[in-house]
Amino acid sequence: MIKIQIPQTDISIKQRKQQAEEGEHEIPSISGFIDLHEIPRDKAGIFMFFNRDDELLFTGKARKLRQRVKKHLEDAVSPVKNHRAEIYRIDVCIVEDPTDREIYETFIINELKAKYNIDKVFFR
């Protein structure tokens with residue numbers, strides 16, 4: 001039997017909006033996230049979107065994590081486009097091997113019962 005575990009989270013960012021002090025510039029946010037710069041631009045891995053109740057909303061894989069996460073938060077064709085207001089936390093796991101990313105994504109979708117993933121679902 002093969003044993004798979006969800007990889008350790010390397011980066012976790014929460015939705016927050018910075019209030020600008022008088023004379024300061026407000027940091028622009030994307031769907032309320034101002035810390036997307038913490039997600040590596042040139043690393044591959046898995047990302048997971050959670051709500052305030054720690055329910056997994058959506059998970060995906062990417063060769064370039066920051067670019068893919070931003071795309072889901074901004075793009076009109078993202079599967080989470082109508083649910084962005086629910087996203088409170090983004091967890092990222094660095095996984096360079098493409099086969100490992102594929103396996104982890106499918107495992108996470110089914111183990112944590114991702115709410116808005118429609119592909120690779122075996123639990124419904």
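A salt bridge is a side-chain nitrogen of Lys or Arg within 4 Å of a carboxyl oxygen of Asp or Glu. The model is a predicted one, in which local features need pLDDT of at least 70 and side-chain atom pairs count only at pLDDT 80 or more, while totals for chains, interfaces and linings use all residues. Residues are numbered from 1 along each chain as its sequence is written, and side-chain values use heavy atoms, with hydrogens and water left out.

**Overall fold**

- The protein has 2 helices and 4 strands; helices (H or I, at least four residues) and strands (E, at least two) are DSSP runs, numbered from the N terminus.
- Read from the N terminus, the order of the elements is β-β-β-α-β-α.
- Of the 124 residues, 40% count as buried, where buried means under 20% relative accessible area, exposed means over 50%, and partly exposed lies in between (1.4 Å probe, protein chains only).

**Salt bridges**

- The structure holds 7 salt bridges.
- Lys120 and Glu105 meet through their side chains in one of them, at 2.4 Å from N to O. Lys120 lies in the segment after helix 2 and Glu105 in helix 2, so this pair ties together parts that are 15 residues apart in sequence.
- Lys120 is partly exposed at 26% relative accessibility, whereas Glu105 is buried at 8%.
- Arg89 forms a salt bridge with Asp54, and their closest N and O atoms are 2.5 Å apart. Because Arg89 is in strand 4 (residues 89-94) and Asp54 is in the loop between strand 2 and strand 3, the pair links parts that are 35 residues apart in sequence.
- Arg89 also meets Asp91 in a salt bridge (3.0 Å, N to O). Arg89 is buried at 14% relative accessibility, and Asp91 is buried at 6%.

**The largest pocket**

- The largest pocket holds about 280 Å³ of space. Its 19 lining residues include Phe58, Thr59, His72, Pro79 and Glu105, which are the closest to its centre.
- On a 1 Å grid over the protein atoms alone, a pocket is an open set of points where a 1.4 Å probe fits, with protein on both sides within 12 Å along at least five of seven lines; lining residues have an atom within 4 Å of a point. Grid points are joined across faces, edges and corners, and the volume is the space filled by probe spheres set on the points.
- Strand 3 (56-62), helix 1 (65-74) and helix 2 each supply at least two lining residues, and strand 3 gives the largest share, with 4 residues.

**Individual residues**

- Phe49 lies in strand 2 (residues 45-50) and is buried, with a relative accessible area of 0%. The C-alpha atoms of Phe49 and Arg89 are separated by 5.9 Å, although these residues are 40 apart along the chain.
- Ile4 is found in the segment before strand 1 (11-14) and is partly exposed at 31% relative accessibility. Ile4 and Phe107 are 103 residues apart in sequence and 7.7 Å apart in space, C-alpha to C-alpha.
- Ser31, in the loop between strand 1 and strand 2, has a positive phi of about 55° although it is not a glycine.
- Asp54, likewise not a glycine, has a positive phi near 65°.
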